[in-house]
Amino acid sequence: MNDSNESDESDKSDRSDENGGLIPKHGGYKRMRSYHTALAVYDATVVFCDRFIERRSRTHDQMVQAARSGVRNIEEGSEASASSKKTELKLTNVARASLTELMGDFQDFLRQRGLPVWDKDSPQAREVRRRLASDKSDGSDLSDMIKQAPPEVAANTMLCLINQAS
């Protein structure tokens, strides 16, 4: 009789439950706004780099990889959250660091070409944030804009997106 009770208790402790049992829910990154924004950053960075950065250059590769790292580390951190909050935080910080590195590359792009960085309260930056905050926006409309925008608008839009993802 004791064996069955012990078995029932053991089974309960091995399962995830809604109330934060031993193994909490994890992997919810697809519902996170930061994930969708980071994914839009990745997609738009590929478009931006293909348009404005020599494809065979190290900068092109590093910018795309930093954007990719931002997305993948959000995913991995979310999945790891069930077994290790420490790992989740570490991977989330790696994602943030990758996006910060990418931000520096876009700032360098603007500086090296003598183009201004928009102030966060400029009408242009506010418009980018407004479009991103729209419930209907997944960032793809801004990514599409990168395909047509002049360099100053494209790079500053990317800075706005990265700030929102971070």
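**Salt bridges and aromatic rings in an all-helix model**

E127 forms a salt bridge with R130, with the closest N and O atoms 2.6 Å apart (a salt bridge is a side-chain nitrogen of Lys or Arg within 4 Å of a carboxyl oxygen of Asp or Glu). This is a predicted model: local features need pLDDT of at least 70, side-chain atom pairs count only at pLDDT 80 or more, and totals for chains, interfaces and linings use all residues. Residues are numbered from 1 along each chain as its sequence is written, and side-chain values use heavy atoms, leaving out hydrogens and water.

**Overall build**

- The protein chain has seven helices and zero strands (DSSP runs numbered from the N terminus: helices are H or I, at least four residues; strands are E, at least two).
- Of its 166 residues, 39% count as buried (buried is under 20% relative accessible area, exposed over 50%, partly exposed in between; 1.4 Å probe, protein chains only).
- Among contacts with a separation of 6 or more, 68% join residues 24 or more positions apart (contact means heavy atoms within 4.5 Å).

**Salt bridges**

- The count comes to five salt bridges.
- E127 and R130 both lie in helix α5 (residues 123-133), three residues apart, about one turn of the helix.
- E127 is partly exposed at 34% relative accessibility, while R130 is exposed at 52%.
- In helix α4, D108 and R111 are also three residues apart. Their side chains meet in a salt bridge at 2.7 Å, N to O.
- D108 is partly exposed at 28%; R111 is exposed at 54%.
- K147 pairs with D144 in a salt bridge, the closest N and O atoms being 3.6 Å apart. K147 is partly exposed at 44%, and D144 is partly exposed at 42%.

**Aromatic rings**

- The whole structure holds four aromatic pairs (rings of Phe, Tyr and Trp, its six-membered ring, with centres within 6.5 Å; planes under 30 degrees apart are stacked, over 60 edge-to-face, the rest tilted).
- F48 and F52 have ring centres 4.9 Å apart and planes at 50°, so the pair is tilted.
- Both sit in helix α2 (residues 33-52), four residues apart, and so about one helical turn separates them.
- F48 is buried at 0% relative accessible area; F52 is buried at 19%.
- F48 also pairs with F106: the centres are 4.8 Å apart and the planes at 70°, so this pair is edge-to-face.
- That pair links distant parts of the chain, F48 in helix α2 and F106 in helix α4 (residues 85-112), 58 residues apart. F106 is buried, as is F48.
- Ring pairs join F48, F52, F106 and F109 into a cluster.
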